Structures are given as structure tokens and as C-alpha cells.
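Thank you all for coming; I would like to take a few minutes to walk through one chain with you. Please have the sequence and the model open while I talk.

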Amino acid sequence: MSHDVGGEGEGALPAARIWRPWLRVGLGLALLLAALALPLRPGPLADLRFPVEWFWAVALLALARGRAFGLLAAVVLALAAAGTILKLADWGTLAAFSRPFDPVVDRSILVAGWHLLSGTVGNAAALGALGAAFVLFFCFVGLLAYGLSGMRRLPARARRSLGAGALGGAVLATVILALVRPGMLPVSAEFSAYAGGKLAAARQSWEAQAAFSREVAVDPLRDRPPEGLLAALEGHDVVLVFVESYGRSALENPLFAPRTLARLEVVQNEFTAAGVGARSGWLRSPIAGGQSWLAHGTMLSGLLIDNQTRYESLLRSDHRSLNALFRGGGWRTVAVMPAITMPWPEAGWFGYDEVLAAKDLDYRGLAFNWVTMPDQFTLLRIGQILQSTSQPVMVQTALISSHAPWTPIPHMIPWEDVGDGQVFDAQARSGVAPEVLWRDPERVRENYGLSIDYAMEAVGSFVQRFARESVIVVVGDHQPAELVTGPNASRDVPLHVLSSDPQILARLDDWGLTPGMVPSSDAPSLPMQAFRERFVRSMSGGGHGT
């Protein structure tokens, strides 16, 4: 008598032999349920919905035979694995950059994500986390495949019963979703909607990339150049300062606003005493959480650069940056970039006469974890540039003391004591290690607020000491990550334009800016890509820009 577990002789088999296939299949179906029910972002378990797709997958797998079963199981396994990868990628990009993962344009985001993770918790911890993630994922896929393939070992009658029950559940759940108001019952077709949304997003990304190739070829400042290009700024040095992670939340979120607003009030009073006027408003950054170079590219090109593919297309174009326009107007253009520690061939597109990367700034002190040097040292080098040249200079910089991991936090010292930066070594050794800080989200937020306070104190002190006669544009590059701001935060960043020349500030009267260092909460938010053309036209010829 045959004892094939797929036949009718199973009653003569030991109980363990009977239940073993069921345990195997149960493992596979549980893992499939977990993959399909994985939410779009971490949240309470009470928010989970039972995926109707699970019923359909179980029914089809149970009823399929032979090659059809093998093909169907492979498709289900591939969809479950791909959906899990994409959802976890969404979790990561939502946490780091406040947006879902885009498989079309985010090919290089792995590098940016690695720099963010390793800069926050250290290389060893980052490698450990990455290795553990790979091991867990491959174990998940292997166990899922093992469990689903066990369906073949179930008795034929049991497979038919399982298939019929699952099919009935699939039909009932589908009818419920079609006839009952969504949200009333804990069932959903979220996985199907998610997959369809990803396909639609991919198509839109391809179309957007094709449209960008046409956008980059159009430049109003080349096709319709203003008369007297940048004439209002003639004889003035111009300094464009990006402040890392300086977002609207720093001024309006109750966790940070009291300290930031108090600092801005102090800076404004100091500017008033020094004869420096200020106008402030909001720009809408294309990004949040990271990838600062995309914001820099957006502001300097006048084009929306919200992903790496667009950035690379921009660098291959002959579109002129704001720096190049100043260079054509007679300014010497300098980039002071303390975060650049590797070769930076992209600099060629921007039109700099000189690039001072981290190694070129001659900082001899210790790094502040990922941050190569404190903002005060960077600003000292810029002040020395302004004082050492007779030709008007346009300087672009990115201050990085407010970049994650926000530990340790520098503090200001007398400018004459800065020297080669070794005086900061004691500060660099202070504070907790990043891996300790990031275990406590409240301390992370506290340190973020402290870093913004330091950055704006440094900017205010720099303007008074080195740049009273210069025109300074201070702008945040993006909001910090959701861990700091909470979900659904605005992408707005503060903009401050500083000058001791009232006539220059008057040219911005039609921008809707607020006098002083604190922009009004109801002031208009200008897309960051609009700044280049509007600023150039405002500072050209004899009239105000439009």
C-alpha cells in the first residue's frame, strides 16, 4: 500500500507526518500575509487592514497543479519580495527625505543613504545594520519560498478545501470592498493600489525626465536677458549662504521656535545697530531631509531639480548657473564647500573661478563627526576672502554644523582665537556619540534646535565682522528629516536678504518679504527655482524685478 502524502493513505501515517506539511504551508501563508499587509509607513497595529489579495493568492495556489502551480508560486514570491523591498525603501526615504522611494530616479540614493546612516551612527554600526538587513530579507524570501512550495505536499482533498475556502473569502472580501464604504471593515486592496501607484509613478517619472530635457534648453535670462545685468549690485561683494537643514519648522514648530526666534531677534537687533537691513521670506525647497545638492542646483539653475537624474541632466547642459551669471558680470566666483571631501567634477558646470573644498580650507582641528569643521571656521575663511580681494567676489557656501547627526554642537569663540581650528578640538570631543544620541528622539530634536541656533549666531556675527558692505543671501536648503519635524511638514525654508544699502533692499519690495529676520507666517512661499530669475531681474537695470 502506498503512503504518498498526496493520496488517500494519509490516515496510516504518523501524526507528525500529517501535520508537518500543514506547518510548512502555514509558515508560508503567514509570511505572505505579512508581506502583503506591510503598511506604507510604520504605524499602530490597529491601523492594519487585511489584504484581499491574500485570499486570491491562497485560492489560486491551492487550486493550481503542475507547471501552473510552479509558475504561479514564482509570480507570488516575486511580487511579495518586490513589494516588501519597495515598501521598506519607502520607509527609509520617508524617514530620511520625507517622500516615497522612486525606483526610476533614485538609483543613486543608496549612496546618499549610506552617507547619512554612516555619518549618524558610524561606519561599523551602519555596516552591521546593512548586513543584518540583507540576512533578514534573504531569510524571509527563503522561508516564504519554502512555505509556499509545501502546498504540493498537502493531500489533494485538503488543497481543494483550502482553495474553496480561500476563494469564498476572496469573493466575499471583494464584494465588501465594492459595496461597503471604505474604512468600515478591516479589509483592503491596498497592495494592488500600491503596485498600481508605483507603476503610475514610474511612468510619470519617465515622462518628467523627458520633459526636463526640454525645460533645461529654455532659459529666460538667456532668451530675454535684462538690461544692465546685476547692475544694482555693482561694487558689492555677494555671499550666498546655504544653511543645512534650516527649515520652516525651526521657526514655527513649538519644539524649536522659541530658541530660533529669540536668536533671530538678537541678530536683527545687532544688524540694526550695525546699519544692516534685512528682508525675510520663504522659499519652497524641492526636497526634505537630505540630498542638499539638489536644493543648491535648483536655486542656482532656476530649474526644479528634485532627483539625481535631473541633476545629472543639468550638469550635461549649457544652462547657465547664477554663479556663471555673476562671473559674466565681472565678479570672481568662489565656492567654499566644507562638506566636499572627495573629487567634485560637478563644480565645472557651476562656473566657479575657484573651489575651496574641505582640504583647501586648511582646517587643522578635529572633525565634529560627519561635520568636517564648525561653521565659524568656514565663515572666517570667507571673511578672509572678502578682505583680500579688490575685485568684487561672489561666494557660495554651505554651512554644515546643522547637519545630522547634530552632535557635538559647536559654540562661538572670539574670532581672533580661531587660528587654524585646533582651538575647537575640545568642543569636537564633547557631547555624546551619535549612536547614543539617536537612541533618544527627544535629544535628537533638542540638539537639532541647538545646531540651528549656533548656525544663525555664527552668520550674524560673521556679517557684523566681515560683511557689512556685502549683499548676503541666507537660505535653508531643506527641512530636516521627519524624525525631527514630524510627518507632513511643509517644505518651506527661510530666506534672508541682508544689505546695508537700502536701495538694494527696496528692489525686493514686490517680493512680499517681511522687514527684519523673521518672515511673516502668511508671507508667500516662492518656489526655490524661481529665485534665480527673479533675483537677477530685481538687481538688473534701473527698476524692480517682476
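Let me begin with Pro405, which sits in the loop between β7 (393–399) and α16 (425–428). Before I go further, please keep in mind that this is a predicted model, and that everything I describe is computed from it.

The peptide bond leading from Ala404 into Pro405 is cis, with omega near 20 degrees. In the loop between β7 and α16 we also find Pro408, and the bond that joins Thr407 to Pro408 is again a cis peptide bond, with omega about -10 degrees.

Let me step back to the chain as a whole. The chain contains 21 helices and 11 strands, and of its 546 residues 51% count as buried. If we take the contacts in the chain with a separation of 6 or more, 77% of them come from residues 24 or more positions apart. The accessible surface comes to about 24200 Å², and carbon and sulfur atoms account for 61% of that surface.

Now to the backbone at two asparagines. Asn369, in the loop between β6 (354–357) and α15 (375–387), has a phi near 60 degrees, which is a positive value in a residue other than glycine. Asn488, which lies in the loop between α19 (482–485) and β9 (492–499), likewise has a positive phi, near 65 degrees, and is a residue other than glycine. How exposed is Asn369? With a relative accessible area of 38%, Asn369 is partly exposed, whereas Asn488, at 74%, counts as exposed.

Finally, a helix pair. Helix α7 (residues 190–215) packs with helix α12 (residues 308–315) at an angle of about 25 degrees, and their axes are 10 Å apart. Angles under 35 degrees count as roughly parallel, so α7 is roughly parallel to α12. The crossing in which α7 passes α12 is right-handed.

Which residues of α7 and α12 make the contact? On the α7 side they are Ala208, Gln209, Phe212 and Glu215, and on the α12 side they are Thr309, Arg310, Ser313 and Leu314.

Conventions: Residues are numbered from 1 along each chain as its sequence is written. This is a predicted model: local features need pLDDT of at least 70, side-chain atom pairs count only at pLDDT 80 or more; totals for chains, interfaces and linings use all residues. Side-chain values use heavy atoms; hydrogens and water are left out. Axes are lines fitted to C-alpha atoms, for helices over the stretch in contact, and angles run from 0 to 180 degrees between N-to-C directions. Helices (H or I, at least four residues) and strands (E, at least two) are DSSP runs, numbered from the N terminus. Angles under 35 degrees count as roughly parallel, over 145 as roughly antiparallel, 65 to 115 as roughly perpendicular and the rest as oblique. A crossing is left-handed if the near helix is turned anticlockwise from the far one by less than a right angle, and right-handed if clockwise. Contact means heavy atoms within 4.5 Å. Buried means under 20% relative accessible area, exposed over 50%, partly exposed in between (1.4 Å probe, protein chains only). Accessible areas come from the Shrake-Rupley method with a 1.4 Å probe; for residues, only the protein chains shown count as cover.
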